[in-house]
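Welcome! Please take a moment with the sequence and the 3D view, and then read on for a short tour of a few helices.

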Amino acid sequence: MRLGMVALTALALTGCARPGAEAPPPTRAASAVLVLPPVKVFTPRPPSAPQRSNTDIARDFLDLHFELEGGASLPHFSRFESPITLRVTGEPAPGFRRELAALLTRLRNEAGIDIHVLGSADADTTARITIESVSRTQIRRALPKAACFVVPNVSSLAEYRRNRRNPRTRWSLLHQREKLAVFIPNDVSLQEVRDCLHEELAQAIGPLNDLYRLPDSIFNDDNVHAVLTGFDMLILRATYAPELRTGMTRTEVAARLPAILARLNPAGARHATLWLPPTPRAWIDAVEQALDPHAPVRTRTRAANDAAAIARDLGWHDHRRALSHYLLGRTLHPREPLLARQHYLTAESFLQGQPGTALHQAKLAVQLAAQDIASGRGEAALARLEPASATAAAHQNAALLSTLLMLQAEALELTGRMVEARRVRLDSLGWARYGYGADWQVKARLEDIASLRPLTSRRP
């Protein structure tokens, strides 16, 4: 299930309009771009290989496949044991089929999975997976906190509603995978459609768990990664290795994994084992409370403090401790920006040198660069933004990329590079249309970022 919240993407600014709200009148930067450029899309590119040891990856594989997010253990391994067929129902969003085709191509080429969409009239009865495109409201009525989700043994949202208390829709009781349904929103940005496709289809055919300790994976509820990574494709390829089959126990799978990973990922033998400690439930609960958009600020601040204290007491020095400080900075930012900056810098210190955290650092750069721009430090902002923009593009995160480019345009104007600033700002808008969707949301984001600049340096 992809949560209806994103841990590290929102810019800590005031003035961002909410879905359904009336768009503010455009001024300053937005007034010059009332007609937005076409939507930009990413071209396929191979992901980076995982930079961790096969010993760590084997442990991750087992915890992903034999545990559920709530803490329950699964007694048996499961996967599809025949070619995976799909059908699409509902009213898919524009661009949906292109994103689906690109994802299926990656799954076939990178994970070696036999998967394709049925086009025949009998798809209704033979498809193993149904992808139903429905409204965000319909999804929230079924699962209030979900942006999208996947359920076993049903073929439609209506069928799930009728059977939501039926044991056959519970993952903990699933013995083998025969029929699944994935529910994707059709009234959100193209990026959210794509992100949901990647996460939910990957869980439909692969691991059911999410682990906060994974820095380089979509199988993580921090929602940092938007598309399947090199680590994820390795996990999926190993899931469908011929040495494994549905019904195996954890012990049986563990005995076969070293040879499977040695064959699929020989470079993993050269990396040192990190063995990050497990994530306790108390820290997860604190993080979820700190992220809850409906909770009072005081409650979210207290929860972020709790998360940071737990991470400190456990002696963590990884991306989870960085996330704790990031969330604390986010909650403090409107009232105590200087203290918030200290927490952002602390988060940055824990990320530096950690493999698989380039995207975490790029998202953190949004907050630090925004503060630099608000203080008139254009060159300092550019030093953060330029490498972060390259990282966002490499990870195909258009929402992040557009925000970084909008900030970069403001920083360029602060340093007097007006022509370059106009080019970068225009470039940001095509990505923003992919990442944020509606034109009013793009213009609201542009306005929000333009408002950061000191009053003495703003454009007339």
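## A residue to start with

Is His 294 buried or exposed? His 294 has a relative accessible area of 74%, and since exposed means over 50%, His 294 is exposed. Do keep in mind that this is a predicted model.

You can find His 294 in the loop between H10 and H11. If you look from there to Trp 316, 22 residues apart from His 294 along the chain, the C-alpha atoms of the two are separated by 29 Å.

## The helices on either side of the loop

Two packed helices are described by the angle between their axes and the distance between the axes. For helix H10 (residues 281–291) and helix H11 (residues 297–313), the angle is about 150° and the axes are 8 Å apart. Angles over 145 degrees count as roughly antiparallel, and H10 and H11 are therefore roughly antiparallel to each other. Their crossing is left-handed.

Which residues of H10 and H11 make the contact? From H10 come Ala 282, Trp 283, Ala 286, Val 287, Gln 289 and Ala 290. H11 brings Thr 299, Arg 300, Ala 303, Ala 304, Asp 306, Ala 307, Ile 310 and Ala 311. Sorted by class, this contact of H10 with H11 holds 10 nonpolar, 2 polar and 2 charged residues.

On the H15 side, the contact includes Gly 378, Leu 382, Leu 385, Glu 386 and Ser 389. On the H16 side, Leu 400, Leu 404, Gln 408, Ala 411 and Leu 414 are among the residues taking part. The contact of H15 with H16 divides into 14 nonpolar, 3 polar and 1 charged residues.

## A mostly covered helix

How many of the 12 residues of H18 are buried? The number is 9, and H18 is mostly covered. The buried residues include Val 442, Ala 444, Leu 446 and Ile 449, and Lys 443, Arg 445, Glu 447 and Asp 448 are also among them.

The length of helix H18 (residues 439–450) can be checked too: at 1.5 Å a residue, its 12 residues should span 16 Å. The end C-alpha atoms of H18 are 17 Å apart, which agrees.

Terms used: Residues are numbered from 1 along each chain as its sequence is written. This is a predicted model: local features need pLDDT of at least 70, side-chain atom pairs count only at pLDDT 80 or more; totals for chains, interfaces and linings use all residues. Side-chain values use heavy atoms; hydrogens and water are left out. Axes are lines fitted to C-alpha atoms, for helices over the stretch in contact, and angles run from 0 to 180 degrees between N-to-C directions. Helices (H or I, at least four residues) and strands (E, at least two) are DSSP runs, numbered from the N terminus. Angles under 35 degrees count as roughly parallel, over 145 as roughly antiparallel, 65 to 115 as roughly perpendicular and the rest as oblique. A crossing is left-handed if the near helix is turned anticlockwise from the far one by less than a right angle, and right-handed if clockwise. Contact means heavy atoms within 4.5 Å. Ala, Val, Leu, Ile, Met, Phe, Trp, Tyr, Cys and Pro count as nonpolar, Asp, Glu, Lys and Arg as charged, and the others, Gly among them, as polar. The expected span of a helix is 1.5 Å times one less than its number of residues. Buried means under 20% relative accessible area, exposed over 50%, partly exposed in between (1.4 Å probe, protein chains only).
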